[in-house]
Amino acid sequence: MTITKVYIVYYSLYGHVNTMAREVHKGAASIEGVEATLWRVPEILSDRILEKMKAPPKPDDVADIKPEQLVEADALIFGFPSRFGMMPSQLKAFFDATGELWASQALAGKPAGIFWSTGFNGGGQELSAWTAITQLAHHGMLYVPLGYTFGSGMFEMDEVKGGSAYGAGTFAGDGTRQPTELELQQAFYQGKYIAEIAKKLKS
């Protein structure tokens, strides 16, 4: 059986995106013939700064990824917390280091998705996705939005829910709010959905 490799590449400071990433991973891995792998974007802040920000330790079961490793994947799903309506400097620095891949268009044609975390409604749930799409476009990757394929979960009005047609999302609030069951279900679905598309494209 041909194996389809899906990489979930993310940055998480306080753990919300890490929680979402693991659900995306589970969703992708649920598809037969798909090998899903979690990867962490390298941290660029010093330990001293992270300590002052009261950031928890990084999970030790996820390895840092190097830009050149992206070419190994058949599909990529990027996750990040929003910073003023766009990806944080850690993920932007990672993309900035992919110049050689861009020059050779080594990532062109690979399906790619996005998921995220913001503090509140005005924190850039959709703007974060819009600004991240530019990175995918310059590489020629095939952006895969969720649309409204998640079904009734997309129309939930009785509870606060992150995410949109652009991808799965969560609200962190002041940092104490954790992803809800519905938000995690959407993250799982996104991983599954993109993995299915990647598998079809590879075959």
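Mentor: A cavity is a set of grid points where a 1.4 Å probe fits but cannot get out, and its lining residues have an atom within 4 Å of a point. Keep in mind that this is a predicted model.

Trainee: Which residues line the largest cavity?
Mentor: A search of the whole structure finds one cavity of 30 Å³ or more, and the volume of the largest cavity is about 40 Å³. Its lining consists of Phe78, Phe80, Met87, Leu91, Phe95, Ile114, Ala132, Gln135 and Leu136.

Trainee: Which element gives the largest share of the lining of the largest cavity?
Mentor: Two or more lining residues come from each of β4 (75-81), α3 (89-96) and α5 (127-139). With three residues, the largest share belongs to α5.

Trainee: Which residues lie closest to the centre of the largest pocket?
Mentor: The largest pocket holds about 300 Å³ of space. It is lined by 17 residues, and the closest to its centre are Arg83, Ser117, Thr118, Gly119 and Ala172.

Trainee: What classes of residue make up the lining of the largest pocket?
Mentor: α1 (16-29) and β5 (111-118) each supply at least two residues of that lining. Its make-up by class is six nonpolar, nine polar and two charged residues.

Trainee: Which residues touch the most other members of the largest nonpolar core?
Mentor: Nonpolar side chains tend to be buried together in soluble globular proteins. Here the largest nonpolar core has 26 residues, and those touching the most other members are Val9, Leu70, Leu76, Phe78 and Met141.

Trainee: With which residues is Leu70 in contact, leaving aside neighbours within four places in sequence?
Mentor: Leu70 is a member of the largest nonpolar core. Its contacts beyond four places in sequence are Val9, Ile65, Leu76, Phe78, Phe94, Thr98, Leu101, Leu107 and Lys110.

Trainee: Does Gln190 count as buried or exposed?
Mentor: Gln190 is placed in helix α6 (residues 181-202). Leaving aside neighbours within four places in sequence, Gln190 is in contact with Gly113, Ile114, Phe115, Leu146, Gly167 and Ala168. The cut-off for buried is under 20% relative accessible area. Gln190 has a relative accessibility of 0%, so it counts as buried.

Key: Residues numbered from 1 in each chain as written. Predicted model: local features only at pLDDT ≥ 70, side-chain atom pairs only at ≥ 80, totals over all residues. Heavy atoms only, no water. 1 Å grid on protein atoms, 1.4 Å probe; cavity = no way out; pocket = protein on both sides within 12 Å on 5 of 7 lines; lining within 4 Å. Points joined across faces, edges and corners; volume = space filled by probe spheres on them. Helix = DSSP H or I, 4+ residues; strand = E, 2+ residues; numbered from the N terminus. Nonpolar A, V, L, I, M, F, W, Y, C, P; charged D, E, K, R; others polar. Buried < 20%, exposed > 50% of the residue type's maximum accessible area, 1.4 Å probe, protein only. Contact = heavy atoms within 4.5 Å. Core = buried A, V, L, I, M, F, W, Y, C linked by side-chain atoms within 4.5 Å.
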